[in-house]
Every structure is written in C-alpha cells, then in structure tokens.
Amino acid sequence: MNVSDTHHIGIVVTDLDQALEFYRETLGLEVVDEFTLAGEGIATAIDVDDATGHFAHLTAGTDGTRIELIEYEPAGDDAHPTAINQRGAAHIGFAVPDLQAFYEALPADVDPISQPQRIEVGLEILFFRDPDGNVIEVVETEE
C-alpha cells in the first residue's frame, strides 16, 4: 500500500510560544490548530512514559501540508546534528518568489548559514536555523 498524501511535517521545539512567534513572524505561516495530547495513547505511541505534547499546526501556501510544532513534557535531550550533511539532519524547505527581498527582511536575530546562493540547477537558496536550531531552507521559485 502506498501513502496517499503528505499530512504534516513535525518539528520538536523547546518553547512552543517562542517557536510560534518565529514561524508566524519570520516565515508568515498561519496557525490553523493548537491542542494538547496526554495520556496512555500518546505516551505509548512515542514510547515516552507520562508524555504530554503541546501541538500547533501551521500552513503556508495552498498545498495543505501542515508544519506541526510540538513541545513535549518531559523534554528529551538535544539531538541536533552540528552539520547539515550529518546523518539524521533534516530541514524544511519553503518557496518564495523573491529570495533577496526575503533575505533582506529577515529579523536581525536570524543568522543565515550563508548569504543566498545560486546553485547549478539555477535555483537560488538560503539556509538558516529556527530558535531551536532546526534548519530552514528557502528557495526562490517562479509563481
């Protein structure tokens, strides 16, 4: 059996309110749902005793894929690879029509990994991290 669609992309954060501010203000995502899950079902599903998850679902564009931000109690250990090319490293890619304008509008506290770069296939890309160190890629695309 094959999957039928992408439902969401989940990102664990340490402070849901701070993450929501970043994803709304820096990326312009819209919050479409917020909820908390606790009890045996979620604890068993993620294999963490007495787990509680505080969730927020956000969207961008029209494809329907949700970005799911989760703050867990108890919080786990930091597991971020230090380099994008390490096993286990992940990133989320977003599209913008004007990457240079997006880059110039980034808040002062966002530290890009590099300036926008044009790559061999002709795309212009930019990588930076959210407040928890999760990698975000922005790609210039024609709309």
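Phe22 is a buried residue with a relative accessible area of 8%, where buried means under 20% relative accessible area, exposed over 50% and partly exposed in between (1.4 Å probe, protein chains only). The structure is a predicted model, in which local features need pLDDT of at least 70 and side-chain atom pairs count only at pLDDT 80 or more, while totals for chains, interfaces and linings use all residues. Residues are numbered from 1 along each chain as its sequence is written, and side-chain values use heavy atoms, with hydrogens and water left out.

A pair of aromatic rings is described by the distance of the centres and the angle of the planes. Rings of Phe, Tyr and Trp (its six-membered ring) are paired if their centres lie within 6.5 Å; planes under 30 degrees apart count as stacked, over 60 as edge-to-face and the rest as tilted. The count by this rule is 5 aromatic pairs. In one of these, the ring centres of Phe22 and Phe128 are 6.4 Å apart and the planes stand at 65 degrees, so the pair is edge-to-face. Phe22 belongs to helix H1 (residues 16-25) and Phe128 to strand E7 (residues 124-129), so this pair ties together parts that are 106 residues apart in sequence. Helices (H or I, at least four residues) and strands (E, at least two) are DSSP runs, numbered from the N terminus. Phe128, with a relative accessible area of 0%, is buried as well.

A second pair has another geometry. The rings of Phe35 and Phe55 have planes at 5 degrees and centres 5.0 Å apart, so they are stacked. With Phe35 in strand E2 (residues 30-38) and Phe55 in strand E3 (residues 52-59), the pair ties together parts that are 20 residues apart in sequence. Phe35 counts as partly exposed at 26% relative accessibility, whereas Phe55, at 5%, counts as buried.

In soluble globular proteins, nonpolar side chains tend to be buried together. A nonpolar core is taken here as a set of buried Ala, Val, Leu, Ile, Met, Phe, Trp, Tyr and Cys residues joined through side-chain atoms within 4.5 Å. The largest such core has 24 residues, of which Tyr23, Leu27, Leu69, Phe102 and Phe128 touch the most other members. Two or more residues each come from H1, E3, E4, E5, helix H3 (99-104), E7 and strand E8 (135-140). H1 provides the largest share of this core, 5 residues.

Turning to the pockets, the search used a 1 Å grid over the protein atoms alone: a cavity is a set of points where a 1.4 Å probe fits but cannot get out, and a pocket is an open set with protein on both sides within 12 Å along at least five of seven lines, with lining residues having an atom within 4 Å of a point. Grid points are joined across faces, edges and corners, and a volume is the space filled by probe spheres set on the points. The largest pocket has a volume of about 720 Å³. Its lining comprises 31 residues, and those nearest its centre are Val12, Val13, Ala79, His80 and Asn134. Strands E1 (8-12), E4 (66-73) and E5 (91-96) are the elements that give two or more residues to this lining, and the largest share, 4 residues, comes from E1. By class, the lining of the largest pocket has 18 nonpolar, 8 polar and 5 charged residues; Ala, Val, Leu, Ile, Met, Phe, Trp, Tyr, Cys and Pro count as nonpolar, Asp, Glu, Lys and Arg as charged, and the others, Gly among them, as polar.

The second largest pocket holds about 370 Å³ of space. It is lined by 17 residues, with Ala60, Gly61, Gly93, Phe94 and Ala95 the closest to its centre. E5 gives the most to this lining, 5 residues.

A salt bridge is a side-chain nitrogen of Lys or Arg within 4 Å of a carboxyl oxygen of Asp or Glu, and 1 is counted. It joins the side chains of Arg118 and Glu124 (3.2 Å, N to O). Arg118 is exposed at 55% relative accessibility, while Glu124 is buried at 15%. In the backbone, the peptide bond from Glu73 to Pro74 is cis, with omega near -5 degrees, and Pro74 sits in the loop between E4 and E5.
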